[in-house]
Amino acid sequence: MNRLAIGRRAALLSGVAAVAAPSVLRAQTDSIKIATLTPLTGAGGPYGPAMAKVAAAVVEEVNAAGGVLGRKVQLVSEDDQTNPDAGVRAARKLIDVDKVSAIMGTWASAVTTAVAPLCWESKTFLCTVSGADSITQLPHQGYLIRTQPNTVLQVTRCGEFLTSLGAKKTYTLVPQTPFAQRSIEILGEVTKKAGGTHGSQIYDDKKTTYRTEVDQAMRFGPDAIFCAGYTPDTIVLLKDLYRAGYKGKIIGQAYAINQKLIDQIGQPEVVEGVYTYAPSIAEGSGALERVKRMSGLANPDPYTSQVYDHVNLVLMAMAVAKDASGTAIKDNVRKVAQGSGKTVDNAVDGLKAIAAGEKVDYTGASGPCDFDDKGDILDCKFRYEQVKAGKATLVKVA
Amino acid sequence: MLNYLLFIATIGSIYALLALSLNLIWGGAGMVNLGLAGFFAVGAYASALVTTTGQAPILAGWALALVAGGAAGLVVVLATTRLREDYLAIVTLGFAEVVRLVASNEIWLTHGTDGISGIPGPWRAALGREYFNAAYLPILLVVLLAVFLLMRRIDRSPYGRALRAIREDAQVAQVAGKPVLRFKVQAFALSAAIAGLAGALYGHFTSYIAPDLFLPLITVYIFLAVASGGVGSPVGALVGAYLLMTLLESARFFVELIPAVTAVQRAALKELLIAVALILVLRLMPRGLLPERIPRAPLNQTGGKS
Amino acid sequence: MTLLLQALINGLVSGALLAVPAIGFTAMFAVLRFPNFSVSGVATLGAFSGYVAYGAGLQVAGSLAVAFAIAGAVGLFLDRVAHMPLVPQGALPAAIASIASGLVLENVVRLFFGNDLRGYDRPIARDMRIGDIRFSPQQLETMGIALAIMLAVFAALAFTRIGKAMRASADNPELAALKGIRPQRVAMMASFVGMGLVGIGGMLLGLDSSIDPLTGTRILLSIFAAAVLGGLGSAPGAVLGAFLIGIAEEMSVLAVGSAYRAAVGFFAILIVLSLRPRGLLGERAF
């Protein structure tokens with residue numbers, strides 16, 4: 001009886017101590033607190049770390065240049081484990097314990113949808129990279145922006161590009177995600193409008209081989225395949241398509257067919273000629289170069305670029321508002337994201353200009369970053385690339 | 001900070017309900033239900049659907065969750081009566097996975113991977129978020145207390161003793177005249193009903209459910225909670241669940257103290273810390289923190305101990 | 001018809017890869033008497049160990065040996081330290097501890113390697129065709145390795161002294177002990193070899209696709225399902241179960257679509273176990 005009493009007491013005490021101690025350590029009440037909530041473990045694990053890393057790099061640069069409103073910026077990074085329950089618990093801690101004004105980088109649509117009510121109810125600003133259309137339909141009162149184009153925008157452009165290349169039989173291979181059904185519908189519509197036919201298949205993204213799925217796809221006889229999954233399953237899919245002798249066109253999202261995928265597959269023939277697309281950055285914008293430097297990746301994927309934009313927008317909005325609260329960000333983010341003003345592509349320059357009383361217009365690494373009132377990005381140009389000899393080369397911007 | 005602690009206590013209480021559910025059939029009848037997440041999901045979806053699209057009152061949703069969970073439990077246990085214990089484990093796990101897949105793919109029914117948002121909470125609009133969170137916990141604790149008292153009642157009753165007899169050796173129990181099958185079916189259905197209720201309570205608290213919530217990981221956590229609290233003891237199940245929640249959240253703060261690691265390394269260290277702590281509890285206290293005390297059967301003989 | 005035949009062949013290939021870790025899992029169950037779910041972490045560890053060895057210049061055979069050795073050693077360590085001491089409490093506490101160990105291994109790998117997907121630098125070739133059926137030469141090679149390993153395991157079990165000792169111990173521990181077979185030694189052997197096989201399985205899987213900290217977790221359920229289908233404790237059963245699961249999964253893509261793949265294995269098990277409660281080949285040890 002003694003032993004278990006000690007054991008239980010010790011457990012409770014250590015739990016309480018652990019919760020109390022760090023708040024004593026984090027007594028810098030004067031700093032501005034923002035947070036990233038990205039998938040560092042779980043299915044989204046391949047993406048989260050780079051997102052957190054680039055955010056930390058931006059904050060470091062800003063602090064070195066004097067911070068925001070004369071205060072240091074403190075970044076807290078939590079793991080949502082690609083799971084809505086873990087994401088909600090982490091968000092609750094960020095909001096109530098760390099008292100952050102903004103949460104950035106939520107990736108899985110289920111996580112974003114679960115975390116969003118916590119944010120708008122506590123007036124914390126949420127920046128997300130999730131693509132599900134339903135997210136911006138939530139009653140977020142302006143506390144949410146998303147830098148990822150929604151499904152309608154993305155897939156329509158994808159379809160238009162494919163038909164412009166002369167594709168007559170398109171085929172969508174997509175795992176079961178919130179945008180799977182819509183993607184299939186939209187690509188089907190666009191193809192039919194151009195006089196072609198469309199087939200589709202929803203697959204399980206945890207498989208280690210897609211031979212049978214590829215067989216079924218090839219039976220349709222497509223001349224263009226849209227691989228709408230994420231990097232892990234797309235790697236296997238591309239290998240199996242190559243093995244099956246598929247010779248038609250392949251297109252995928254730039255966040256799936258990224259440099260990591262190309263390097264991992266290794267053999268150039270497998271990815272030769274594969275198209276990728278993503279929202280285009282503005283002409284002359286140095287944002288992408290900065291992201292490459294900060295993330296250490298020669299070809300950062302769109303999610304990393306988006307989080308770079310999140311941090312910049314949040315910090316500049318605070319500067320304009322002269323207030324670091326979530327409501328201030330909500331009311332001022334569009335003032336720095338769009339409209340007239342000096343074009344800036346990073347927070348340090350932007351903060352300097354704002355301090356000097358100028359207006360700014362931020363164009364980011366993931367696109368022009370102009371938002372409608374639901375939080376979606378406005379229509380923008382897309383950048384279409386093709387992998388040639390292991391490197392993504394530009395085809396067109398449209 | 002208070003908000004956060006209340007929130008964690010609420011989620012912990014829902015885990016505690018699940019732990020009581022598991023303790024009933026594992027500690028009670030010795031049945032391995034690895035499909036806990038599936039019954040959790042069935043209850044959550046039943047209540048969410050009927051209160052959003054169906055516009056039914058919240059209490060009706062909770063009642064339906066109980067019924068739906070129990071019905072699902074009946075189906076599973078009846079389909080698996082011929083299976084041995086080790087095999088029951090994988091079939092129940094399969095059930096949970098099938099539920100999750102159906103929830104993901106049958107979009108017409110469950111909104112698929114988009115999930116169901118806007119699930120109403122009792123007096124949510126009137127109270128506003130801060131007070132709603134604080135008010136939900138007492139409601140939850142009342143339900144938890146009711147279920148706990150029921151579990152304790154069962155535990156100490158002849159029915160509970162019969163279940164434990166079945167756990168120790170089903171053949172002997174059968175020979176002793178206990179209707180083994182009927183008891184097992186009842187226990188399993190009740191356990192599944194409680195898990196379903198827990199699901200509904202979760203959904204109405206967070207206002208959003210999605211298939212990704214119901215991964216086997218939840219089942220794993222509850223098993224770890226019950227094992228560390230002490231299998232067979234309802235109090236042990238409660239202690240285990242709250243201890244688990246404390247561990248899950250305090251690990252977060254512990255790893256913040258580690259310098260010079262990247263975010264992903266910190267996340268890996270957090271998960272590592274939790275898993276190692278659980279192994280340590282299991283190894284050092286194999287019967288759990290509050291081991292089950294088998295109550296003496298009352299003796300009516302003269303000269304016997306009482 | 002060709003589609004069915006092709007699915008059958010695809011299933012055989014994936015089943016062969018699944019069989020190696022399934023044998024390890026079921027053999028460990030036969031001797032140690034608890035389902036060891038840390039195979040998810042051990043498979044990942046094997047895949048990464050082999051990856052490091054391969055990158056350092058060892059050929060496939062050498063890397064497989066490294067994967068075997070490291071996975072076996074770590075598995076043995078975990079069994080002795082974390083799992084076996086719990087077996088007297090029952091199979092379930094030990095199984096639960098093994099789930100936690102699996103999480104430990106996954107996160108240790110993540111700590112050192114991050115979440116990035118890595119791959120062996122293996123040539124990817126177009127499939128060969130025989131009529132309308134296509135084969136991947138690389139996958140045939142991997143399958144060949146898997147079959148060779150399986151044969152070696154069965155031969156060892158049948159003909160070597162320690163193999164026979166393992167079978168005797170699994171069949172009837174008390175009698176085996178009476179005959180002088182030391183249960184401690186047999187248990188250690190079972191842990192080491194069983195986990196070694198799981199590690200090889202992880203590497204074979206990685207050879208074909210890519211590896212990340214979640215590699216083993218993705219196949220955990222399939223391994224368990226294959227072993228159960230064939231009858232827990234029966235090595236030939238595990239092989240049969242693995243092939244059947246592989247084939248069922250591929251065929252089901254044609255019938256219900258790929259999204260329900262994971263459910264197929266479970267339904268197959270439910271049906272088979274309802275008809276044959278001890279698994280397809282019963283639970284004869286090996």
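**A salt bridge, a loop threonine and the C–B interface**

Student: Is A:Arg293 buried or exposed?

Tutor: A:Arg293 counts as exposed, because its relative accessibility is 54%, above the 50% cut-off. Please bear in mind that this is a predicted model.

Student: Which side chain does A:Arg293 meet in a salt bridge?

Tutor: That of A:Glu61, with an N to O distance of 3.3 Å. The pair links distant parts of the chain, as A:Glu61 is in helix α2 of chain A and A:Arg293 is in helix α12 (residues 287-295), 232 residues apart. A:Glu61 counts as partly exposed, at 24% relative accessibility.

Student: How many salt bridges does the structure hold over all chains?

Tutor: Over all chains there are 28 salt bridges. One of them pairs A:Arg92 with A:Asp96, whose closest N and O atoms are 2.7 Å apart.

Student: Where do A:Arg92 and A:Asp96 sit in chain A?

Tutor: Both belong to helix α3 (residues 84-96) of chain A; they are four residues apart, so about one helical turn separates them. A:Arg92 and A:Asp96 are both buried.

Student: And what about A:Asp205 and A:Lys206?

Tutor: Their side chains also form a salt bridge, at 3.5 Å from N to O. A:Asp205 is partly exposed, with a relative accessible area of 28%, and A:Lys206 is partly exposed at 38%.

Student: Which residues do salt bridges with shared partners join into one network?

Tutor: From chain A, the network takes in A:Glu78, A:Asp85, A:Arg89, A:Lys93 and A:Asp98. From chain B, it takes in B:Glu249, B:Arg252 and B:Glu256.

Student: Changing topic: where does A:Thr41 lie?

Tutor: A:Thr41 is in the loop between β1 (32-38) and α2 (48-64) of chain A. This residue is buried, because its relative accessible area is 5%, under the 20% cut-off.

Student: What is A:Thr41 in contact with, neighbours within four places in sequence aside?

Tutor: Its contacts include A:Asp79, A:Gln81 and A:Thr82 in chain A, B:Ala267 and B:Glu271 in chain B, and C:Asn107, C:Arg110 and C:Asn115 in chain C. With A:Asp79 there is a polar contact of 2.8 Å between the side chains.

Student: How many helices and strands are there in chain C?

Tutor: Chain C has 11 helices and two strands. Read from the N terminus, the order is α-α-α-α-β-β-α-α-α-α-α-α-α. The radius of gyration is 18 Å, close to the 19 Å given by the globule rule for 286 residues, so chain C is as compact as a globular protein of that length. Of those 286 residues, 62% count as buried.

Student: How many residues of chain C are in contact with chain B?

Tutor: There are 39, and they touch 36 residues of chain B. The two chains bury about 3500 Å² between them, with 77% of it on carbon and sulfur atoms. On the chain C side, C:Ile96, C:Leu111 and C:Tyr260 lose the most area to chain B, together 17% of what that side buries.

Student: Which elements give two or more residues to that side of chain C?

Tutor: They are α3 (60-83), α4 (91-113), α9 (215-230) and α11 (261-275) of chain C. The most comes from α4(C), with 12 residues. By class, the side of chain C that touches chain B has 30 nonpolar, six polar and three charged residues.

Student: How many salt bridges and polar contacts does the rule find across the interface of chain C and chain B?

Tutor: It finds zero salt bridges. For polar contacts, it finds three residue pairs, with both residues at pLDDT 80 or more.

How values were computed
Residues are numbered from 1 along each chain as its sequence is written. Chains are lettered from A and ligands numbered from 1 in the order in which they are written. This is a predicted model: local features need pLDDT of at least 70, side-chain atom pairs count only at pLDDT 80 or more; totals for chains, interfaces and linings use all residues. Side-chain values use heavy atoms; hydrogens and water are left out. Contact means heavy atoms within 4.5 Å. Buried area is the accessible area (1.4 Å probe) that two parts lose on being put together, summed over both. A salt bridge is a side-chain nitrogen of Lys or Arg within 4 Å of a carboxyl oxygen of Asp or Glu. A polar contact is a pair of N or O atoms within 3.5 Å; within protein, one must be able to donate a hydrogen and the other to accept it, and residues adjacent in sequence count only if both atoms are side-chain atoms. Ala, Val, Leu, Ile, Met, Phe, Trp, Tyr, Cys and Pro count as nonpolar, Asp, Glu, Lys and Arg as charged, and the others, Gly among them, as polar. The radius of gyration is taken over C-alpha atoms; the globule rule is 2.2 Å times the number of residues to the power 0.38. Buried means under 20% relative accessible area, exposed over 50%, partly exposed in between (1.4 Å probe, protein chains only).
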